[in-house]
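Let's take a look at this one together. Have the sequence and the 3D view ready as you read.

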Amino acid sequence: MSDAADAGLPGLPQANPFREAQWSTPHGLPPFERIRPEHYRPAFEAALAAHDSEIRAIANQAAPATFGNTVEAMERAGLALERVAGVFYNLTGSHTNPDLQAIEREIGPKLARHGSAIYLNPELWARISAIDAGGLGAEERRVLDRYRIRFRRSGADLAPADKARIAEIAARMSELGTTFSQNLLADESSFTLPLQGEEDLAGLPPFLRAAAESAAKERGLDGHVITLSRSLIEPFLVCSTRRDLRERAYAAWTRRGENGGATDNRAIIAEIIRLRAERARLLGFESFAHFALDDTMAASPDAATGLLRDVWTPARARAAEERDRLQATIQAEGHNFALQAHDWRHYAEKVRRAEHDLDESEIKAYLPLERMIQAAFDTASRLFGLTFTELSDVPRYHPDVRVWRVGNPDGSEVGLFLGDYFARASKRSGAWMSAFRSQERLNGTVTPIIVNVMNFAKAPEGEATLLSFDDARTLFHEFGHALHGLLSDVTYPLLSGTAVSRDFVELPSQLYEHWLEQPEVLRTHARHHRTGEPMPDALLRKLLAARTFNQGFATVEYTSSAIVDMTLHLSAEGEGGLDVPAFEAEALRRISMPAEISMRHRTPHFAHIFSGDGYAAGYYSYLWSEVLDADAFDAFREAGDIFDPETAKRLRTFVYGAGNLRDPREAYTAFRGRMPSIDPLLNKRGLAA
């Protein structure tokens, strides 16, 4: 239970839930049922005013600057604003509506200007610069260092005119990122591919027919529809024997954000790239990529692009071999067309069945969602001693959301975990973890409230939702992020949970995926959704033997996106208007992108890098972290036990529980004893020579 400091806004009307200092809900959950769209604008206004007042008091005090009266005071400020924004932005991603979208367009630039005013405040920067670090503890020194880095990277050392321009850029970038996201959601939500009669359903197994029927019902339509939810469109591209329908669905999927009209993102991207390049130049960097990577493990674009090149070459060669096998299958069936991108998944599944005797429908029968949730929980219990108790009578923002209390072996509360697993029109695509409340000790004993958001296709009422192995891997991935937030053990909010270097933040999530692939875990939890029988050993062996199947395709699909991201942000394009499709095509031509494979995220819908700055010039991070996670799991193999207690203890201490207490290289070395090499990654993907 949280016993956090006051985050209330007493100036608000009595009916506004954000007025209350403490929510009386179980475990301090937001009272979702009472919060209405009209509550947000006044709550944001009051919270911004309160935070402004707190910052002025810190910056203008007469006492000499100390860690306590300046940095620690900043860490105690803004609690009400964090609470309002935490609820609001979680809902704009997972369960939005036109009212929330209108507020989002309005409030984003205000929050950007508010942040700029803090980090460009000369009096505040003078105080932080003057603090003597002597005598501070290790965590306090880390917080002070991180604040100084933040201020410098925000422009605190710039001349007044440049500071003003930096603030203008930040406000405009917020507008552009919000519009990009809302355009993307509009394109995703508006598309449906109706399947009329048995001919259009050809090749679709029962689980996919049921999911397509549920998608139609959710939209008030008869029959079956395919939407742009990944959990629907990907299995449709695998299973459908209607090549014309696969082509239509794939074209819609790859052209999101590029359809002309009000939701087209190309002009937005051009302006974002130009503004990012301008900001980087103002801050003294050669490009936005140099700015973005200056505060990461990679430290420079050269290091990141070097890794991408090292992986691209063997991946492209492997993909060429895979392409030839698919083309041979097409010809063996008596067809004379050349393999296209909308054909790849369909014929890859045929080759997989032929080479590994694997059927996607057979695998899914043993991977019901409920079993996979329990597999993720059981793995956390065996590694870290955690307990999970589902709560029924608690607030939730949608009926599909589930809530668990997470506990330690002694019964004390670690935090709350929310699972929001199913696709719906009000939710953006993809999968992610975020926090309604982050762990810290400075403002009381604050336990975290963490949410995982997925987009699985919901089964009809009374039926089990069945996952593909990739879906199950996504569930484990996001739960790894959730554990990073839940197990955080820090004093200061700035260092909490996932607030780490961008190319380190994927380590806990990608590492957690490894346990799903272990026979010990699958034999326990992969059970038939009807009979409860465990997955037969023969099927289990075939599944694990096929782990590196189609990895040339998967690696090319991902790495090409990372290369285009880096190429865009190494450029200074935009002064005369960036031609986004032409730039993308030229970047792909230079790396000899296979014509039969499309980028995992084409530029007009590349939300990772254009919905905000989080992964801009940073999509390489997944691969960088994969170098770490492949090596990190070897620590358990070397110990002879995938749940080895000593290794797990080091993992919790230096990775999952440590937040940003240490430099990421120092943290990884403390866990593993050394930095990793690329070899385990190439072996894991089946790309080693």
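## The second largest pocket

A quick definition to start: a pocket is an open set of grid points with protein on both sides within 12 Å along at least five of seven lines. Bear in mind that this is a predicted model.

The second largest pocket holds about 480 Å³ of space. Its lining takes in 32 residues, and those nearest the centre are Ala 215, Glu 218, Arg 219, Ala 423 and Arg 424. By type, the lining splits into 12 charged, 11 nonpolar and nine polar residues.

Which helix gives the most to this lining? That's α9, with six residues. At least two residues each come from α7 (160-190), α9 (206-218) and α10 (230-239).

## The five-stranded sheet

Next up is an open sheet of five strands, in the order β3-β4-β5-β7-β6 and with mixed pairing. Its edges are β3 (387-391) and β6 (432-437), each pairing on one side only. From one strand to the next, the twist averages 25°.

Inside the sheet, β5 (residues 413-422) pairs with β7 (residues 449-456) in the parallel sense, over six bridges. Look for Asp 420, which stands opposite Val 453 in β7. Helix α18 (residues 469-486) lies across β3, β4 (402-407), β5, β6 and β7, and runs at about 165° to β7.

## Ala 365 in its loop

Is Ala 365 buried or exposed? It sits in the loop between α16 (360-364) and α17 (369-384). Its relative accessible area is 11%, so Ala 365 counts as buried, the cut-off being under 20%.

Leaving aside residues up to four places away in sequence, Ala 365 touches Leu 466, Arg 527, His 528 and His 529. Leu 466 is 101 residues away along the chain, yet the C-alpha atoms of Ala 365 and Leu 466 are separated by 6.4 Å.

Terms used: Residues are numbered from 1 along each chain as its sequence is written. This is a predicted model: local features need pLDDT of at least 70, side-chain atom pairs count only at pLDDT 80 or more; totals for chains, interfaces and linings use all residues. Side-chain values use heavy atoms; hydrogens and water are left out. On a 1 Å grid over the protein atoms alone, a cavity is a set of points where a 1.4 Å probe fits but cannot get out, and a pocket is an open set with protein on both sides within 12 Å along at least five of seven lines; lining residues have an atom within 4 Å of a point. Grid points are joined across faces, edges and corners, and a volume is the space filled by probe spheres set on the points. Helices (H or I, at least four residues) and strands (E, at least two) are DSSP runs, numbered from the N terminus. Ala, Val, Leu, Ile, Met, Phe, Trp, Tyr, Cys and Pro count as nonpolar, Asp, Glu, Lys and Arg as charged, and the others, Gly among them, as polar. Buried means under 20% relative accessible area, exposed over 50%, partly exposed in between (1.4 Å probe, protein chains only). Contact means heavy atoms within 4.5 Å. Two strands pair if DSSP finds at least two bridges between them. Axes are lines fitted to C-alpha atoms, for helices over the stretch in contact, and angles run from 0 to 180 degrees between N-to-C directions.
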